[in-house]
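My entries follow in the order in which I made them.

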Amino acid sequence: VMLSAREGGDPQRLADAIPYARRLGVRVEIRGEDFGCTLPFWPEFIGNPQLPALHGGVTAGFLECAAVLYLMWNADMSAIPKTIDFSIDFLRSGQPRNTYATVHVVKPGRRVAAVRVEAWQENPAKPIAAAHCNFLMR
């Protein structure tokens with residue numbers, strides 16, 4: 001799937017091939033050199049209905065998916081990267097609206113890649129969460 005998605009220029013095929021990303025409805029877009037992921041809002045994603053705020057697990061899962069999809073799209077590999085560790089900082093409540101992810105590879109490596117991912121909603125300068133993760137590249 002990875003090779004055919006890259007050859008066809010269709011990064012959405014990668015998200016559609018991962019069951020959890022597909023369940024979340026993750027959308028992937030490439031604009032020029034920019035890789036972007038979107039988590040469309042669904043009412044089922046609300047964790048605290050009194051605020052209302054997105055569930056932290058949904059936010060964390062989205063950030064991990066965005067990092068994996070970025071690596072699958074940009075790295076030459078034959079298998080999905082395996083998560084070694086993942087830590088997340090929740091910076092503010094996620095509102096009931098679409099959420100976007102920005103991915104930065106901190107240290108690319110042949111065996112391990114270190115990645116930082118930020119989730120934001122209306123302004124990329126005001127992230128709602130930031131994750132640091134390491135992946136085994138296969």
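Helices (H or I, at least four residues) and strands (E, at least two) are DSSP runs, numbered from the N terminus.

Ground rules. I am working with a predicted model, in which local features need pLDDT of at least 70, side-chain atom pairs count only at pLDDT 80 or more, and totals for chains, interfaces and linings use all residues. Residues are numbered from 1 along each chain as its sequence is written, and side-chain values use heavy atoms, with hydrogens and water left out.

Entry 1, strand pairing. I looked up strand E5 (residues 82–90) and found it antiparallel to E8, with 8 bridges joining them. The bridge partner of Phe90 in E8 is Ala129. E8 (residues 129–136) also pairs with E7 in the antiparallel sense, again over 8 bridges. In that pairing I noted Val112 opposite Leu136 of E8, and Val115 opposite Cys133 of E8.

Entry 2, the other partner of E7. Strand E6 (residues 99–107) pairs with E7 in the antiparallel sense over 7 bridges. A hairpin of 4 residues joins E6 to E7. Val105 stands opposite Val115 in E7.

Is strand E7 enclosed or open? I used these classes: buried is under 20% relative accessible area, exposed is over 50%, and partly exposed is in between (1.4 Å probe, protein chains only). In strand E7 (residues 112–120), 7 of the 9 residues are buried, so the strand is largely enclosed by the rest of the structure. For the chain, I recorded 42% of the 138 residues as buried.

I found Thr38 in strand E2 (residues 34–39). Its relative accessibility is 16%, so Thr38 counts as buried. Contact here means heavy atoms within 4.5 Å. Leaving out residues up to four places away in sequence, Thr38 touches Gly25, Val26, Arg27, Phe62, Asn98, Thr99 and Tyr100.

At 28% relative accessibility, Ser4 counts as partly exposed. I also checked Ser4 against Leu14: they are 10 residues apart in sequence, and their C-alpha atoms are 9.4 Å apart in space.

I counted 4 helices and 8 strands. Along the sequence they follow the pattern α-α-α-β-β-β-β-α-β-β-β-β. The radius of gyration is 14 Å, close to the 14 Å that the globule rule gives for 138 residues, so the chain is as compact as a globular protein of that length. That radius is taken over C-alpha atoms, and the globule rule is 2.2 Å times the number of residues to the power 0.38. Along the principal axes, the C-alpha atoms fill a box of roughly 45 × 25 × 25 Å. Of the contacts between residues at least 6 apart in sequence, 58% join residues at least 24 apart.

The accessible surface of the chain is about 7,600 Å², and 51% of it belongs to carbon and sulfur atoms. Accessible areas come from the Shrake-Rupley method with a 1.4 Å probe; for residues, only the protein chains shown count as cover.

Key
Pairing = 2+ DSSP bridges.
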